[in-house]
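Please keep the sequence and the structure in view while reading.

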Amino acid sequence: MNKFVLSGRLTDNFKTNATESGLKVIHCCIANNDRKETRFINFTMFGDEAVRLETRCPKGSWIELEGYIEPSTYEKD
């Protein structure tokens, strides 16, 4: 896994779900601009951090995320 730090603005309101055990899950997108291009990165957050972010940060809020990227596997044709 690789650690990352990312900052930008929330592009939409959160989509919320819950796991079978009741753990809160939110999905959203952040827009990150590096002077040359804007990148739109989807993210998912779980648990207490998700609840706090959802209640304090509406669409357009500037946020900083820190986390880990978990690479996926795929098969070539």
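## A buried asparagine in a strand

N32 belongs to strand β3, which covers residues 24-33; strands (E, at least two residues) and helices (H or I, at least four) are DSSP runs, numbered from the N terminus. N32 has a relative accessible area of 15% and is buried, a term for values under 20%, with exposed meaning over 50% and partly exposed in between (1.4 Å probe, protein chains only). A polar atom of the N32 side chain lies 2.7 Å from the backbone oxygen of S7. Apart from neighbours within four places in sequence, N32 is in contact (heavy atoms within 4.5 Å) with L6, S7, E37, T38, R39 and I41.

## Basis of the model

The model is predicted: local features need pLDDT of at least 70 and side-chain atom pairs count only at pLDDT 80 or more, while totals for chains, interfaces and linings use all residues. Residues are numbered from 1 along each chain as its sequence is written, and side-chain values use heavy atoms, with hydrogens and water left out.

## Overall architecture

The protein contains five strands and one helix, in the order β-β-β-β-α-β along the sequence. Its C-alpha atoms fill a box of roughly 35 × 35 × 20 Å along the principal axes. Of its 77 residues, 25% count as buried. Among contacts with a separation of 6 or more, 48% are between residues 24 or more positions apart.

## The largest nonpolar core

A nonpolar core is a set of buried Ala, Val, Leu, Ile, Met, Phe, Trp, Tyr and Cys residues joined through side-chain atoms within 4.5 Å. The largest one has 12 residues: L6, L10, F14, I26, C28, I30, F43, A50, L53, C57, I63 and L65. At least two residues come from each of β1 (2-10), β3, α1 (47-56) and β5 (62-69). Strand β3 gives the most, with three residues.

A50, one of the core residues, is in contact with K24, I26 and M45 when neighbours within four places in sequence are set aside.

## Cysteines without disulfides

Zero disulfides are found in a search of the whole structure, where a disulfide is a pair of cysteine sulfur atoms within 2.5 Å. C29 is in none, and its nearest cysteine sulfur, that of C28, is 6.7 Å away. C29 is buried, at 13% relative accessibility.

Terms used:
Polar contact = N/O pair within 3.5 Å; in protein donor to acceptor, adjacent residues only side chain to side chain.
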